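Reader: Hi! Could you walk me through a few side-chain contacts and backbone angles here?
Author: Happy to, let's have a look.

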Amino acid sequence: MYFEFVPNPQFDFLASFANKFDLPLEGDRLVLPPVMGNGSIRRIALSPGLKLIVHHYRLKQDFVLNRIGIDGPNDLVSVIFHSNEDGASVNTGGTADPLSRSSAFAIQIASTDLNSQIRFPANTDIYFMVVGIMKDTLKELLMIKNPNPVVQTILNAAPGFLYYESMTVEIHKLLKQVTDAREDNDLGNFYQRVKVQELLYLVFEKLQKREAINHNIIHKDDAEKLSLIRTAILADLSVPPSLPELAKMAGFGETKMKDLFKQVFGDTIYNYYLQARMEEAAFLLKHGGLSVSETGYQLGFANLSHFGRLFEKYHGMKPKKYASGG
């Protein structure tokens with residue numbers, strides 16, 4: 001399955017999707033037929049400048065969702081919350097990045113002039129929410145007096161911005177509250193609007209804490225190169241990344257690569273690698289059936305004491321205690 005679209009404030013995703021696959025559309029929910037799989041896509045309009053699309057389904061075929069960046073100015077800001085634990089991959093260039101099995105960097109904040117492609121394998125639970133908010137609505141909502149360069153760039157709906165943030169337990173909980181809200185509740189729209197405002201507050205609280213650096217426009221080829229770099233980092237978490245090798249592989253100058261990576265992900269390449277490594281360790285301990293020593297060795301730690309100290313720094317407890325449920 002393949003669906004391609006160009007985002008703009010007037011675009012009706014649900015109607016376009018229904019038309020593409022010749023599906024009946026009733027109100028604000030599109031229920032997928034058994035021949036495709038099961039689940040639904042839901043549209044939630046909270047205000048004239050704030051809309052949601054909730055994807056929750058399981059398909060019998062591989063699915064590619066391809067957004068073509070719009071040319072010219074656009075006041076629409078896109079915030080995508082990915083809550084899948086495995087299976088999906090996303091990119092903003094030409095190479096698909098696997099979404100981490102952890103919560104790291106599962107929130108994408110982007111301008112709509114960048115391409116974005118999400119790939120889902122067949123028989124995978126797909127669960128994510130797209131928030132489309134106009135910049136004036138966002139300004140009115142945040143009412144922030146002294147935005148840092150990152151937040152100011154988003155509020156201006158400047159071209160070529162792309163940021164990733166991690167999904168905390170609190171954000172994931174709010175996401176579930178938004179998407180699982182009862183539709184027969186007379187105050188349901190109000191409830192969801194409040195919860196979405198909480199979500200945006202938590203996301204922008206994290207963005208506002210980022211180091212104040214000047215914004216560099218992320219061009220489509222830059223996004224593709226950053227996608228390649230991220231894929232290479234995550235390909236083997238037992239081996240620390242080599243900056244010269246990453247720069248050569250992606251066709252970046254090393255300084256530009258480091259600057260753009262930190263701008264997009266909010267951290268250095270090495271710190272990003274460490275966080276991904278520790279998130280993978282947590283996943284293996286909780287779901288991989290590996291012992292502490294097996295997990296440490298698989299992730300390239302020759303010194304298990306060092307692994308334990310690093311794990312505790314990131315997760316607040318020793319790996320053995322984490323594996324046993326805390």
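Reader: Which residue forms a salt bridge with Asp222?
Author: Lys256 does, and the closest N and O atoms are 3.6 Å apart. A salt bridge here is a side-chain nitrogen of Lys or Arg within 4 Å of a carboxyl oxygen of Asp or Glu. The pair links distant parts of the chain, with Lys256 in helix 8 and Asp222 in helix 6, 34 residues apart. Helices (H or I, at least four residues) and strands (E, at least two) are DSSP runs, numbered from the N terminus.

Reader: Nice. What should I know about the model itself?
Author: This is a predicted model, where local features need pLDDT of at least 70, side-chain atom pairs count only at pLDDT 80 or more, and totals for chains, interfaces and linings use all residues. Residues are numbered from 1 along each chain as its sequence is written, and side-chain values use heavy atoms, leaving out hydrogens and water.

Reader: Is Asp222 buried or exposed?
Author: Asp222 is buried, at 2% relative accessibility, while Lys256 is partly exposed at 43%. Buried means under 20% relative accessible area, exposed over 50%, and partly exposed in between (1.4 Å probe, protein chains only).

Reader: How many salt bridges does a search of the whole structure find?
Author: Eleven. One of them joins Arg43 and Asp28 at 2.9 Å, N to O.

Reader: Switching to the backbone: what is phi of Asn123 near?
Author: Phi of Asn123 is near 60 degrees, a positive value in a residue other than glycine. Asn123 lies in the loop between strand 10 and strand 11.
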